[in-house]
Amino acid sequence: MAETNNDAAAAGPSSAPAKDKKPITIITIGMAGAGKSTFVQRLNAHLHAKEPPSPPYILNLDPAVTYVPYEPNIDIRDTVNYQEVMKQYNLGPNGGILTALNLFTTKFDQVLDLVEQRAESVDYVILDTPGQIEIFTWSASGAIITDAIASSLPTVVAYIIDTPRTTAPATFMSNMLYACSILYKTKLPFILVFNKTDVQPHDFAIEWMDDFEEFQAALATHSGATDSEGEPTYMNSLMNSMSLVLDEFYKNLKAVGVSSATGDGFDDFLEAVEGSREEYERDYLPELLKAREQREKVLREAKDETMARVMKDLAIDREKNPAGALADRWDPDDEDEDADDEGELNIIDRSEEKGPHEYIDVTRARRHGAEDINWPRPG
Ligand SMILES: Nc1nc2c(ncn2[C@@H]2O[C@H](COP(=O)(O)OP(=O)(O)OP(=O)(O)O)[C@@H](O)[C@H]2O)c(=O)[nH]1
Ligand SMILES: [Mg+2]
């Protein structure tokens, strides 16, 4: 059953008291099948059931999904037809999703306008991203969407993890490394959401994150930890060392366990989101403003420097050759017929070169009509 999120209920002025806080954006990211869409559905239901209800504003950014278990306020599928994009651009499924997302991103200013119009009446804006994680996390459009939204509203990344599928130490580590790469790429507040806790409780993960020795112990007992001579395998030593590095990364994160199936843990998740708002305002926002100011300063300086260099060059020229400077005036009467040819780039378009059958037949060339030469034939 789709959760209803109709416009009248969502964000109506009566549904939420006047508030001074901006809404917070939750970007759900996670491996294919981790439960992102189910998570968004459950979060939507949870927020509707709150006292007072707080219906969120939901964006579906997955162009290839056939069914979403909630009713999004903005759906990428209304703007781009992914099947058509595949056909038109001759693409496979991933290229199709990526191109559809790129096309949608070109209209993202309109999306932001719509979101900003609701800023007074909603507390949460939720983004559901495409199934293939890298399409969002490693594409220009994913970065543009993330930056655009994060520079206008407090934003947090909810990294959804398929807990039952991450119980093996090596899988756990690769999932955490992926999370780490997204954290460093977006620099946004980050919540690790261990989903599907109804199937597999997430305490093992919390233990491994709190104490790297626990993780190393799990690693040592896992099959394939030692080679035939009883020495730790190369992979095992590598993971051992990496667990020390990740220890630092875990300290900057919040981790919660939820079940999108039963609704367990969603209050904890919302609490972590509130903490992330503070983190955004404390860490991200000042950096964002600083980066913006820096960018403007660099542009201003580059412009001033270029102008100064041009003026200096001009002054040197005039000093060296005062007469030249006087003569160096543009005179419209002095225009040369051939002047246009000077400085012209001679780029050759090889596709326009003549083919063998198009060469002039010199045996038929005539300098004037009366000329009649008999070209001797060889032999
Ligand atoms: N038991 C259990 N199953 C879940 C939970 N969350 C999601 N699932 C199941 O996991 C599968 C994938 O869920 P989706 O929500 O489609 O996952 P997704 O990450 O959006 O998937 P893609 O967008 O296709 O990558 C579905 O069969 C869900 O029913 C949960 O908390 N518990
Ligand atoms: Mg999905």
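Rings of Phe, Tyr and Trp (its six-membered ring) pair if their centres lie within 6.5 Å, and planes under 30 degrees apart count as stacked, over 60 as edge-to-face and the rest as tilted. The structure holds 12 aromatic pairs. This is a predicted model, in which local features need pLDDT of at least 70, side-chain atom pairs count only at pLDDT 80 or more, and totals for chains, interfaces and linings use all residues. Residues are numbered from 1 along each chain as its sequence is written, ligands are numbered from 1 in the order in which they are written, and side-chain values use heavy atoms, with hydrogens and water left out.

**Aromatic pairs**
- Tyrosine 159 and phenylalanine 190 are stacked, 5.9 Å centre to centre with 25° between the planes.
- Tyrosine 159 counts as buried because its relative accessibility is 0%, where buried means under 20% relative accessible area (1.4 Å probe, protein chains only).
- Phenylalanine 190, at 1% relative accessibility, also counts as buried.
- Phenylalanine 249 and tyrosine 250 form a tilted pair, with 5.8 Å between centres and 45° between the planes; both residues are buried.
- Phe172, Phe204, Trp208 and Phe215 are linked by ring pairs into a cluster.

**Ligand 1**
- An oxygen atom of ligand 1 lies 3.0 Å from a polar backbone atom of glycine 35.
- For lysine 36, a backbone N or O atom is 2.9 Å from an oxygen atom of ligand 1.
- Lysine 196 has a polar side-chain atom 3.1 Å from an oxygen atom of ligand 1.
- These are polar contacts (pairs of N or O atoms within 3.5 Å).

Methods:
Buried means under 20% relative accessible area, exposed over 50%, partly exposed in between (1.4 Å probe, protein chains only). A polar contact is a pair of N or O atoms within 3.5 Å; within protein, one must be able to donate a hydrogen and the other to accept it, and residues adjacent in sequence count only if both atoms are side-chain atoms.
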